[in-house]
Amino acid sequence: MERVGAKCRLLLAVGAWLLLLAGLGPPILHPVPPVAAQAAPIRVPILAYHAVDASASTYSVTAEQLDEQCRWLVENGYTAITLGQFWAAVTEGAVLPPNPVLLTNDDGWSSTVLFAEILARYGMVGTYFVNNTSPLPPDQIAALSLRGGVHAHTASHANLTGLAYEGQLAEIAGNKTHIEQITGQPVTFLAWPFGETNEGAVQAAAAAGIVGAFGLGGTAAQVGALDPYRIPRIIVGSSDDLASFATKVAWH
Ligand SMILES: [Zn+2]
């Protein structure tokens, strides 16, 4: 053993000298692993809107509020991204524009058309989560799919936590098929009605082909630190003036 060890040491020494002569430096060092720069996680405020009206509901905004919010976003350097862009960043590390923001709209109220028109004034796209019970005619739902995208919100806006698995699956799959038939586009995302979900609903969504799902409430999404079936959204409602809106977008 000792002789074999000595022979090995001799070979190593010869090898080291050969490398030194070749200008490669000593072969045995204590390498310091490169310290990867810890990039700050990319923050994407995902805004959750509902109806556009003057009802002063917690979940609605007036057309004037939405218009000034869109203007504020543009003037402050935000870029409305599509859900596809967001997901490419989450799953593939795709680069997002500076100050990305995702504007979402739930329920498919008839005022959703006005919502899309106001966004279009500022060159912005939206993401629409629509139930089978939406009053929007199919051609308007199809038009929304060209202004960002239309995704699932369950067939009847059911609180999925009150259903057994088969019911959860029927609500999600029936809605997904309904929208896909109207838009001709794959439906792979969902917003939980009332923001409510549970483990069975997540499994049902995954079984139906949903890859990501959004809650209702919370702070900005941190790309790289997301539960794909519980992605937070920031609620915007009638009580938001421009100052509170700006705070939500920039800091929450
Ligand atoms: Zn809803």
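This is a predicted model: local features need pLDDT of at least 70, side-chain atom pairs count only at pLDDT 80 or more; totals for chains, interfaces and linings use all residues.
Let's start with confidence. The protein has a mean pLDDT of 89, and 84% of its residues come in at 70 or more. Two stretches need some care. Residues 14–21 have pLDDT below 50, and in the model this stretch makes 8 contacts beyond near neighbours in sequence. Residues 23–27 are also below 50, with 7 such contacts.

Now look at strand β4, residues 100–106. Of its 7 residues, 7 are buried, so the strand is largely enclosed by the rest of the structure. Which residues sit on each side of β4? One face carries Pro100, Leu102, Thr104 and Asp106, the other has Val101, Leu103 and Asn105, and both faces are covered.

What does β4 pair with? Strand β2 (residues 46–49) runs parallel to β4, and 4 bridges link the two. Within that pairing, Ala48 has Thr104 as its bridge partner. Strand β3 (residues 79–80) is also parallel to β4, over 2 bridges, and here Ala80 stands opposite Val101. To get from β3 to β4 the chain passes through helix α3 (residues 83–92), making a right-handed β-α-β crossover. Strand β5 (residues 127–130) is another parallel partner of β4, joined by 3 bridges. Thr104 turns up again here, opposite Thr127 of β5. Between β4 and β5 comes helix α4 (residues 112–121), and the three form a right-handed β-α-β unit.

Val101 also leads us to the nonpolar core. The largest one has 60 residues, and Val101 is among those with the most contacts inside it, along with Leu119, Leu190, Ala205 and Ala213. Take Ala205 as an example: leaving aside residues up to four places away in sequence, Ala205 touches Ile172, Leu190, Ile210, Ala213 and Tyr229.

Ala205 belongs to helix α7 (residues 199–208), whose buried residues are Ala201, Ala204, Ala205 and Ala208. Viewed down the axis of α7, these buried residues fall within an arc of 100 degrees, so they line one face of the helix. The spacing makes sense in general terms: an α-helix has 3.6 residues a turn, so residues three or four places apart point the same way. What covers the buried residues of α7? The cover includes α6 (165–183), β7 (189–191) and β8 (212–214).

Notes:
Residues are numbered from 1 along each chain as its sequence is written. A nonpolar core is a set of buried Ala, Val, Leu, Ile, Met, Phe, Trp, Tyr and Cys residues joined through C-beta atoms within 7 Å. A residue is buried if 20 or more other C-beta atoms lie within 10 Å of its own, exposed if 12 or fewer, and partly exposed in between; C-beta atoms are placed from the backbone. Two residues are in contact if their C-beta atoms, placed from the backbone, lie within 7 Å. Two strands pair if DSSP finds at least two bridges between them. A crossover is right-handed if, with the strands pointing away from the viewer, the path from the first strand over the helix to the second runs clockwise. pLDDT is the predictor's confidence in each residue, from 0 to 100. The arc is that of the directions from the helix axis to the C-beta atoms.
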